[in-house]
Amino acid sequence: MESNAKGSADVWMLVFRLPESLPIWIELLQKSLHDRFGPRFAVWHTDELLFGVRGGELALYDTSGCRLSPPKVVYVRHNTADLRPDHETSLLHHLEQMGVAVFNSLAAHTLCANKVLHLQRLAAAGIPVPDTISYAAVPLGDVVQSPLLPEPCIVKSVRGNCGRAVFLAPQLELLREMHGNIDQRLPLLFQQYISSSRGRTLRILVVDGQLIQSIVFSASAGGLKSNASLGGDTSVCTGRYPEAEEIAIRAAKALGLVFGAVDFLFDEDSFIICEVNANPGWVVKTEDALSSAIADYAVRLLNRTAALP
């Protein structure tokens, strides 16, 4: 079957799993990209696409069997926890192998989806991160007995977002007693607790190596987690912390991110990276600048691909 009109668009926004109600930033991105590209832009969801090999060539289809022309540029939106190694990663790899300019790339998404992977890359690049211990196959009961674990320590799943599967273990003895009640489907990491940053983080948003916005998140009522999704307060502070903003740009580059959020802890008089998110949401105060910056980058990328022989 021939390709349909939506499938012939040059620029796609690829959204993982259709939510019941679209977050405001998804709607804003759609509007911004549509304003720039008009009918050359389309939104696709991962549950609308089939892919494979036909006649020795890579091919892309919708679920009705219509063959789709590969787009030139794809902007990927997903929740961190939704990037599954044998599902969405196969689709992104397929698009990249078809010559599509995908941002963020599969490599960047893979690094950011796993907290250990991106801490490894950042540390190798000389970027400050907390002291961290994790494991591959050691039983958790043995891990928690290790003298290498900091006390107190932050315990996290290597995958997760919005502050889920994160808690403070004030004493290792308590952790050793309760470890059997912890979800062990994924490895955990045990991280240095930065007490000076309790209930407070600095998020810096970067697009294509440029600072877009800096925001302080503060937990309510003395809580540990400052995530906005958990009720934390937000305050835009762009330009107030130039040291962290410069580190954030370096971190995004080290991870190969076009668009990302770099989350910092306040470590006395300096900053240390907590984690990096390849697909963050954002607060209303940042919506216009970010949507425009992402659309601007898509324009530059489309022009770049048009100039290729």
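This is a predicted model: local features need pLDDT of at least 70, side-chain atom pairs count only at pLDDT 80 or more; totals for chains, interfaces and linings use all residues.
Colleague: What are the ground rules on numbering and confidence?

Modeller: Residues are numbered from 1 along each chain as its sequence is written, and side-chain values use heavy atoms, without hydrogens and water. Local features need pLDDT of at least 70, and side-chain atom pairs count only at pLDDT 80 or more, while totals for chains, interfaces and linings use all residues.

Colleague: Why is the pair of Phe103 and Tyr297 called edge-to-face?

Modeller: Rings of Phe, Tyr and Trp (its six-membered ring) pair if their centres lie within 6.5 Å; planes under 30 degrees apart are stacked, over 60 edge-to-face, the rest tilted. Phe103 and Tyr297 are 4.9 Å apart centre to centre, with 70 degrees between the planes. So the pair is edge-to-face. Phe103 lies in strand β6 (residues 101–103) and Tyr297 in helix α8 (residues 287–306), so the pair ties together parts 194 residues apart in sequence.

Colleague: How do you know that Phe103 and Tyr297 are buried?

Modeller: Buried means under 20% relative accessible area, exposed over 50%, partly exposed in between (1.4 Å probe, protein chains only). Phe103 has 2% and Tyr297 has 7%. Both are therefore buried.

Colleague: What makes Lys6 sit over the ring of Trp44?

Modeller: The rule asks for NZ of Lys or CZ of Arg within 6 Å of the ring centre and within 35 degrees of the ring normal. The charged end of Lys6 is 4.2 Å from the centre of the Trp44 ring. Arg200 sits over the ring of Phe266, at 3.8 Å.

Colleague: What makes a nonpolar core, and which residues touch the most other members of the largest one?

Modeller: A core is a set of buried Ala, Val, Leu, Ile, Met, Phe, Trp, Tyr and Cys residues joined through side-chain atoms within 4.5 Å. The largest has 30 residues; Leu122, Leu202, Tyr241, Leu257, Phe264, Ile273 and Val276 touch the most other members. Helix α7 gives the most, 5 residues.

Methods. Helices (H or I, at least four residues) and strands (E, at least two) are DSSP runs, numbered from the N terminus.
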